[in-house]
Amino acid sequence: MLKSLYVKDFAIVGESDVSFGPGLTVVTGETGAGKSLLVDALLLLAGGRGDAGLVRHGCERAELSAEFDLSNRADLREWLAAEDLDEEGACQLRRVIRSEGSSRAWINGRPVTLGQLKMLAARLIEIHGQHEHQALLERSQQLALLDAFGGHAGALAEVARIARVWRATTTRIAELSRGADHAERMEWLGHQVAELERHALAPEALAELEDSHRRLANSGQLLQGCAALGERLDGDHEFALLRQLARAHSDISHLHNLDARLAPIAELIDAAQIQLTEAGDALARYQSALDLDPERLAEAEAQLAKLHELARKHRLRMPELPAHAQALREELESLRSAGASIDTLQTEQRRLESDYAKAATALSGLRAATAHSLAESVSALMAELGMAGGRFEVQLEAQPHTEPDPQGAERVEFLVSANPGQPPRALRKVASGGELARISLAIEVAALGSDDIATMVFDEVDAGIGGAVAEIVGQKLRTLGAQRQVLCVTHLPQVAAQGHAHLRASKRSEADATHTRIEAMTVSTREEEIARMLGGVEITHETLAHARQMLTKASSKN
């Protein structure tokens, strides 16, 4: 719901901040006072085309902003969050138009494109009476309204679901049927898998190969080092460690005989002697097993070189090659079984086409019945709204689709004949703005509750009518206002009297400047405004009484 609208330096409006409530709000004022500027501002905030002529003379820019209440619109709160435009549940649209013609837009203080602004505004507000901004002129919106009016959500969802599954199945068949590319891929995969299976090693085997290569490459140094170490442990020279320990053992034994408290030290020297003897024996065994083998070294180096080559080729580390081989093997098996998969998928595709035909036919039947019902309701309302003999039709056009369509097997065109004897024409081609606004009003009243757009604006809905028809138009707008927020610009007292709230636009000239002021009417000033609309410049007791009677009559029907 629209909560407020702020405009500054816009056309002849210096600055105005207007608050809105639920129900029907009427906007009145003398011709040229600027009462339609509120609608123009909302059109621009809905993404309409702006130009420099909209900026107040002598000013650098025009500023427009509107705030909406989204407490009952979880879908729009989710949309704002998905677009990173959410701000603690707030929804503010803002637009600035500069005097050189450029413009910028914001949602909740964040810069957005006009496309984003239009996308959000289209779900917030619906403006009737202007061809270029009339949502009902769009055939997609007409189809959505027909389905909403008939309660086709379940049937439409099933049609869309089958169409989506069919499309996914068709895409998968195309992926598995790539012809020559398919065969070439299999041949390439076969070669890669065979090569990797011959050479790739598991991480443990790779570590063992690298260890063996390191040992073979350094076998000479290992032999030489082991010999030197063995000599140091138990050599013929007097500084060999075991000779030194033997002397130490003799010394500690002599001292131990003198003091028994040296027994632990004697035991440690004995243990060290045993450990060094075992180390020497182990070293001798290692040395005898170690040999120089140039052939084995060459084999290890060749194997490692091949693994490095494969790693560079596949842009992987050597330990990752086995896992990569498994992935390629699985893809190869998948392609080998693609023939059987394609047959299965094609069978599923034919089944989905059959299911779609049944679901789409059922939806078409529902739409045909709903089209007749909606046409009768709107035609009856058109007669009440001063278009006696006018006719509204809903034309269903079969689509020549070669594949399942999520929207069903047909499209919709709203047709209207505003006068007797005229053939029905597409609603978007109706020339008269006033007629279009009244037809839109009839459609909205007939389809009341079918959509979730909370705010509707009607501009010049009462053009070309008067008397009883004007009162009926007002009553229909008030009925609409019982379930939706409605803003209506009017010049007829019969319509103005039906409003739950009343705004008046007035114009005054000061020196070289003209200003428009928009103010909310109180009970007394509203009677005066209705009386002015009834009786002109001079307001008599009779016109005031008539205005009071009209307001009382309208409010008594709530």
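**Notes on the predicted model**

1. Let's start at E376, which sits in helix α13, a helix running over residues 338–384. Is E376 buried, partly exposed or exposed? Its relative accessible area is 49%, so E376 counts as partly exposed; the exposed class begins over 50%. While you are there, have a look at F392: it is 16 residues away from E376 in sequence, and the two C-alpha atoms are 7.5 Å apart in space.

2. Now zoom out to the whole chain. What is its secondary structure made of? There are 18 helices and 15 strands in the protein chain. Along the principal axes, the C-alpha atoms fill a box of roughly 145 × 65 × 50 Å. The radius of gyration is 45 Å, whereas a compact globule of 558 residues would come out near 24 Å. I'd keep those two values in mind when you turn the model around.

3. A few more totals for the chain. Of its 558 residues, 40% count as buried. The accessible surface is about 28,700 Å², and carbon and sulfur atoms account for 52% of that. If you take contacts between residues at least 6 apart in sequence, 68% of them join residues at least 24 apart. As for charge, the chain has 60 positive and 81 negative charges, and their mean positions lie 6 Å apart.

4. Strand β12 is worth a stop. It covers residues 455–459, and five of its five residues are buried. Which residues lie on each face? T455, V457 and D459 are on one side, M456 and F458 on the other, and both faces are covered. Note that D459 is among the buried ones.

5. Who are the neighbours of β12? Strand β8, residues 125–128, pairs with β12 in the parallel sense over four bridges.

6. E88 has a phi of about 55 degrees and is found in the loop between α2 (74–82) and β5 (92–98). N108 has a phi near 50 degrees, and its place is the loop between β6 (103–107) and β7 (110–112).

7. Last, go back towards the start of the chain. S4 lies in strand β1, residues 2–10. Why does S4 count as buried? Because its relative accessibility is 17%, and buried means under 20%. What is S4 in contact with, once neighbours within four places in sequence are left aside? The list is D17, V18, S19 and F20, together with S65, A66 and E67.

Note on methods. Residues numbered from 1 in each chain as written. Predicted model: local features only at pLDDT ≥ 70, side-chain atom pairs only at ≥ 80, totals over all residues. Heavy atoms only, no water. Helix = DSSP H or I, 4+ residues; strand = E, 2+ residues; numbered from the N terminus. Rg over C-alpha atoms; globule rule 2.2 N^0.38 Å. Buried < 20%, exposed > 50% of the residue type's maximum accessible area, 1.4 Å probe, protein only. Contact = heavy atoms within 4.5 Å. Areas by Shrake-Rupley, 256 points an atom, 1.4 Å probe, with all protein chains shown as cover. Lys, Arg positive; Asp, Glu negative; His and termini not counted. Charge placed at Lys NZ, Arg CZ, Asp CG, Glu CD. Pairing = 2+ DSSP bridges.
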